[in-house]
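The sequence and structure come first.

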Amino acid sequence: MTNAVITGWGKCTPPSVLTNHDLATFLDTSDEWIQARTGIQERRISNVAVSDMAEVAARHALACAGVDAADVDLVILATACPDTMVPSAAARLQKLLGAHQAAVLDMNAACTGFVYGLSAARSAVVAGDHQTVLLVGAEKMTWYLDWTHRDTAVLFGDGAGAVVIQPGEDAEAGIFSGALGCDYEGQDALKIPDYGTSDDRYSGPKGKFTFQFDGREIFKRAVVGMGNAAVRALEKAGIAADEIDLVVPHQANIRIIEALVNRLKLPMSKVMINIQKYGNTSAATIPIALCEAVEEGRVRPGSNILTAAFGAGLTWGSMVLRWTRRVRPVATSQAALPPCDRSGLELLSEAIGHSRRLATPG
Ligand code: UT7
């Protein structure tokens, strides 16, 4: 049987930073509270659309794999923040890259999107239907936020990460089949109800989304859901938890990550954590963290890696993979977002003012 391996990796983290201290200038919150409850210190704010961030991450991943965009035959863009609903953000990404031979689709499994995409990309390659899959997780969650709500405004950030998945030559390495699902009982705990065809087009405060969010409920379900998913994925892969060299989890809350590794009886030293720098970038957290783990030398030839995520739906998923021999890029790319000299706070000033006006009665 053909196996599917990751041959390229890349990321795009927008340059504009929004710190916890910046948030405390307009919200009733503090750096102490945010760090203690979430592990986040700062996050990035994008002034471009999701497909622009996706393009930069993808160009790095393609160079890393030594693959020409023209040879990509499937683009999966995991996102809950498409530039437009029609066409898909993946279609725009295809055009930006010149990936003219590719089939394209957006995949919305919220924060679990990259894990779902990894499963779909693996299946496509193992079945022999596709030879070169570009899988990107890219999100601009800050676009949805109501900047008067401290419970959600402090959690999210923008960014993108990408991988190239191809048939592997090394029989030992590859992405194993994982465990995916959705906990619909908790569906109302995380919802943006007014974006889509269930929305009343003719009334309501336009220019503002309701971010329905029950943090405690999601937290409880995430701990159980991610833990169960990881246990199932390990069983299916036939790999014991203590054989895992590196856990690359969804970065929503450091306490959720700690609960996951406690359940697996693994030390925190085996976990890739970068939530302090980027916050929760939804489907982008795992590919960004994976890319940084390889850059930092934490992924070695043959490393066993576990991913696990949880998100709106409430989707859950976990995949196990064994890295190939190559941990260095074939080539590098100079791709970057256009320069932006404004801070995160400056970029958001209009959005913050708008949220405040809509929250003011009368
Ligand atoms: O990626 C998947 C989607 N998201 C998640 O997985 C997030 C899951 N949930 C969480 O990470 C946590 O539930 C939160 C970080 C959102 C909240 O942490 P918590 O420890 O569950 O806090 P809480 O909601 O129980 O609130 C505790 C207190 C409340 O005050 P009272 O009622 O005790 O007086 C909140 O009003 O903290 C208050 N609070 C804040 N205080 C300062 C809530 N947000 C803030 C804030 N700054 N930003």
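Contact here means heavy atoms within 4.5 Å. The model is predicted, so local features need pLDDT of at least 70 and side-chain atom pairs count only at pLDDT 80 or more, while totals for chains, interfaces and linings use all residues. Residues are numbered from 1 along each chain as its sequence is written, and side-chain values use heavy atoms, with hydrogens and water left out.

**Overall dimensions**

The protein holds 11 helices and 14 strands; helices (H or I, at least four residues) and strands (E, at least two) are DSSP runs numbered from the N terminus. The radius of gyration is taken over C-alpha atoms, and the globule rule is 2.2 Å times the number of residues to the power 0.38. For 362 residues a compact globule would be near 21 Å, and the protein's 19 Å agrees with this. Buried means under 20% relative accessible area, exposed over 50%, and partly exposed in between (1.4 Å probe, protein chains only).

| Property | Value |
|---|---|
| C-alpha box along the principal axes | roughly 65 × 45 × 40 Å |
| Buried share of the 362 residues | 56% |
| Share of contacts with a separation of 6 or more that join residues 24 or more positions apart | 79% |

**Nonpolar cores**

A nonpolar core is a set of buried Ala, Val, Leu, Ile, Met, Phe, Trp, Tyr and Cys residues joined through side-chain atoms within 4.5 Å. The largest has 80 residues, and Leu 134, Val 136 and Trp 147 touch the most other members. Helix H3 (residues 50-65) gives the most to this core, with 9 residues. A second, separate core of 34 residues includes Ala 4, Ile 76, Val 163 and Leu 290. Beyond its neighbours within four places in sequence, Leu 134 is in contact with residues including Ala 58, Leu 62, Ile 76 and Val 163.

**Gln 166**

Gln 166 lies in strand E7 (residues 158-167). Gln 166 counts as buried because its relative accessibility is 16%. Leaving out residues up to four places away in sequence, Gln 166 touches Asn 3, Ala 4, Val 5, Thr 7, Val 67, Val 125, Gln 131 and Thr 132.

**Helix H10**

In helix H10 (residues 285-295), 10 of the 11 residues are buried, so the helix is largely enclosed by the rest of the structure. Among the buried residues of H10 are Thr 285, Pro 287, Leu 290, Cys 291 and Glu 292. Just after H10, Gly 297 takes a positive phi of about 75 degrees.
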